[in-house]
Amino acid sequence: MQPRTPLLLCVLLSQVLLLTSAEDLDCTPGFQQKLFHIDQPAQFIEDQAIVNLTFNDCKGNNKLHYEVSSPYFKVNHDGSLVALKNISAVGKTLFVHARTPHAEDMAELVIVGGKDIQGSLQVVDSDRPEGSKFRLTGKGVDQEPKGIFRINENTGSVSVTRTLDRETIATYQLFVETTDVSGKTLEGPVPLEVIVIDQNDNRPIFREGPYIGHVMEGSPTGTTVMRMTAFDADDPATDNALLRYNIRQQTPDKPSPNMFYIDPEKGDIVTVVSPALLDRETLENPKYELIIEAQDMAGLDVGLTGTATATIMIDDKNDHPPKFTKKEFQATVEEGAVGVIVNLTVEDKDDPTTGAWRAVYTIINGNPGQSFEIHTNPQTNEGMLSVVKPLDYEISAFHTLLIKVENEDPLVPDVSYGPSSTATVHITVLDVNEGPVFYPDPMMVTRQENISVGSVLLTVNATDPDSLQHQTIRYSIYKDPAGWLNINPINGTVDTTAVLDRESPFVHNSVYAALFLAIDSGNPPATGTGTLLITLEDVNDNAPFIYPTVAEVCDDAKNLSVVILGASDKDLHPNTDPFKFEIHKQAVPDKVWKISKINNTHALVSLLQNLNKANYHLPIMVTDSGKPPMTNVTDLRIQVCSCKNSKVDCNAAGALHFSATSVLLASLFSLACL
């Protein structure tokens with residue numbers, strides 16, 4: 001008998017499992033009954049069960065939540081539908097929505113004999129005195145927006161006059177009172193709150209666009225790119241504003257039609273492909289456009305939808321080093337020339353708009369004299385190799401440079417620069433016929449002015465840089481402003497052809513400048529230019545001169561001072577002041593005029609007695625301090641004028657009309673400025 005016991009247990013167990021499986025298979029999520037018919041009572045009594053509802057999500061009904069289309073009813077945990085207060089009219093139909101995380105459903109209660117309230121409600125006051133009337137006040141009645149609600153003063157029926165919009169005003173606080181025939185308040189006011197029940201009349205909208213997200217190529221699966229959230233103006237406490245998100249379309253659809261996923265509740269967009277598929281360099285297009293849909297009613301088919309476009313850019317990272325297109329480059333340049341001699345080309349698969357593509361070139365060998373520089377062409381990314389210091393064929397006809405290329409941005413850790421990131425440049429210098437070079441340049445000599453014509457100043461020296469060509473050099477004058485010089489074309493000896501004058505307008509700061517040419521015998525010939533600076537020492541070859549040469553004085557002047565004379569000399573010290581002023585005594589009597597020294601450069605001329613109105617000529621002799629000194633005699637014209645009643649009359653004395661006092665003051669002012 002014992003062997004049969006396990007068999008019996010197995011049979012019983014299999015029956016239990018079959019029954020359990022059958023129960024699971026028979027479970028249909030939702031309301032067990034979806035349609036109810038109830039008779040309209042005289043009044044729905046507060047907390048009295050109207051109907052019992054049964055909802056099952058087949059998962060235990062965890063977090064079960066009910067919503068009723070009328071705010072005056074609720075569903076208790078046991079499924080009983082009850083009124084929240086005594087109410088008579090609720091319309092013809094009630095809807096109950098049940099929802100858990102696993103299922104949701106809708107039940108309909110048809111009220112047989114119920115009337116469509118059409119936006120009205122009844123205020124009941126059984127103790128109202130006979131003959132009294134109802135009066136309604138508040139926002140929406142006698143306050144803006146006025147005239148939305150009105151009350152039947154006899155029955156207390158409150159009705160709406162136009163369509164209500166919950167999204168504009170969700171609740172209205174009204175007040176009801178009863179009055180006698182004279183309008184005096186008998187009872188109240190009693191508050192009456194009107195709650196506008198939400199209808200799903202607003203689509204979700206995306207208000208914060210444009211929506212642009214970025215994700216680095218090679219990012220791990222599940223990397224968050226961006227968040228997209230929509231707004232629904234309906235009641236956030238209802239499913240009318242409960243949104244769910246999904247991706248309607250992805251463009252392009254390569255390499256996978258599902259490159260991204262959006263969290264249906266949060267709106268977070270994340271990557272769902274492997275990092276290998278997020279390779280920017282292999283993608284057809286690094287920009288993806290997603291049509292994102294938001295749907296209210298928690299995503300049910302009856303929900304309203306709104307869409308927006310999300311643009312996602314696959315950003316580049318520096319995972320490809322630049323590589324030279326060839327290992328060796330050739331360039332030629334003429335000696336003495338500067339500028340770009342060759343463009344080095346590279347390839348880089350990274351994004352051309354980023355530092356991961358832009359190249360940086362460096363000369364790492366072969367440039368000890370810093371004769372070369374290399375810069376990046378910002379348009380082509382090529383390396384522009386330039387000569388910045390002229391090369392000399394006679395010193396070196398060949399140069400070899402080693403150049404490396406890197407990116408502005410560092411490479412990612414698992415990538416490094418290889419042999420293709422360096423290249424060799426071979427540069428050939430071409431010989432050209434260079435002009436002779438004067439040494440020294442400028443050439444400088446010092447001589448006294450007025451040396452004799454034919455005096456040798458110097459012999460210029462120019463050499464030909466083309467030492468291997470053995471060319472001859474001839475000399476000539478290029479610029480000789482005063483025409484004072486001559487040069488021997490063979491040996492370069494420079495002598496004078498005229499007197500050198502330090503005071504010449506061609507001489508500046510005692511220095512005379514001339515330019516010479518040295519011309520080689522090449523084909524074509526090359527020319528070099530040299531500068532000769534001649535410093536001229538001063539010789540006392542200029543006599544001093546006086547100023548002014550005209551003066552006035554009144555015939556009855558009490559101050560017999562006539563004029564202050566100044567002297568000047570074109571020569572340099574010591575061939576100038578101190579000057580010696582004298583009256584040429586052989587031509588003028590001693591008892592009329594007097595000259596007195598003021599300082600090294602000025603003297604005062606005065607009268608010893610008054611003179612009659614006339615013109616007088618006084619010879620003034622001035623002598624400089626040179627060795628030997630030089631003297632100059634100049635006539636000083638003095639007008640003696642009639643000065644009466646503050647009027648100066650010099651007509652009889654000549655055409656000048658300056659008073660002696662004015663001349664004297666001007667002379668004193670000039671003296672004070674020295």
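Predicted model: local features only at pLDDT ≥ 70, side-chain atom pairs only at ≥ 80, totals over all residues.
View 1. Along its principal axes, the C-alpha trace spans about 170 × 95 × 45 Å. Buried residues make up 39% of the 674 residues, and the accessible surface comes to about 37500 Å², with 53% of it belonging to carbon and sulfur atoms. The side chains include 51 positive and 87 negative ones, and the centres of these two sets lie 8 Å apart.

**View 2. The disulfide between C27 and C58.** The sulfur atoms of C27 and C58 are 1.7 Å apart, and the pair links distant parts of the chain, with C27 in the loop between α1 (4-26) and β1 (30-31) and C58 in the loop between β4 (55-56) and β5 (65-68), 31 residues apart. The torsion about the S-S bond is about -95°, so this disulfide is left-handed. C27 counts as partly exposed at 26% relative accessibility, and C58 likewise counts as partly exposed, at 29%.

**View 3. The disulfide that joins C554 to C643.** The distance from S to S is 1.9 Å in this pair, whose torsion of about -85° about the S-S bond makes the disulfide left-handed. The pair links distant parts of the chain, since C554 lies in strand β42 (residues 550-554) and C643 in strand β48 (residues 631-644), 89 residues apart. C554 is buried, with a relative accessible area of 15%, and C643 is also buried, with a relative accessible area of 15%.

**View 4. The disulfide between C641 and C650.** Here the sulfur atoms are 1.8 Å apart, and the torsion about the S-S bond of C641 and C650 is about 105°, so the disulfide is right-handed. C641 is buried, with a relative accessible area of 1%, and C650 is buried with a relative accessible area of 1%. When the bonded cysteines of the chain are numbered in sequence order, the pairing reads 1-2, 3-5, 4-6.

**View 5. V190 in strand β15 (residues 185-195).** Leaving aside residues up to four places away in sequence, V190 touches L174, F175 and V176. The C-alpha atoms of V190 and K580, which are 390 residues apart along the chain, are separated by 127 Å.

Key. Residues numbered from 1 in each chain as written. Heavy atoms only, no water. Buried < 20%, exposed > 50% of the residue type's maximum accessible area, 1.4 Å probe, protein only. Areas by Shrake-Rupley, 256 points an atom, 1.4 Å probe, with all protein chains shown as cover. Lys, Arg positive; Asp, Glu negative; His and termini not counted. Charge placed at Lys NZ, Arg CZ, Asp CG, Glu CD. Helix = DSSP H or I, 4+ residues; strand = E, 2+ residues; numbered from the N terminus. Contact = heavy atoms within 4.5 Å. Disulfide = S-S within 2.5 Å.
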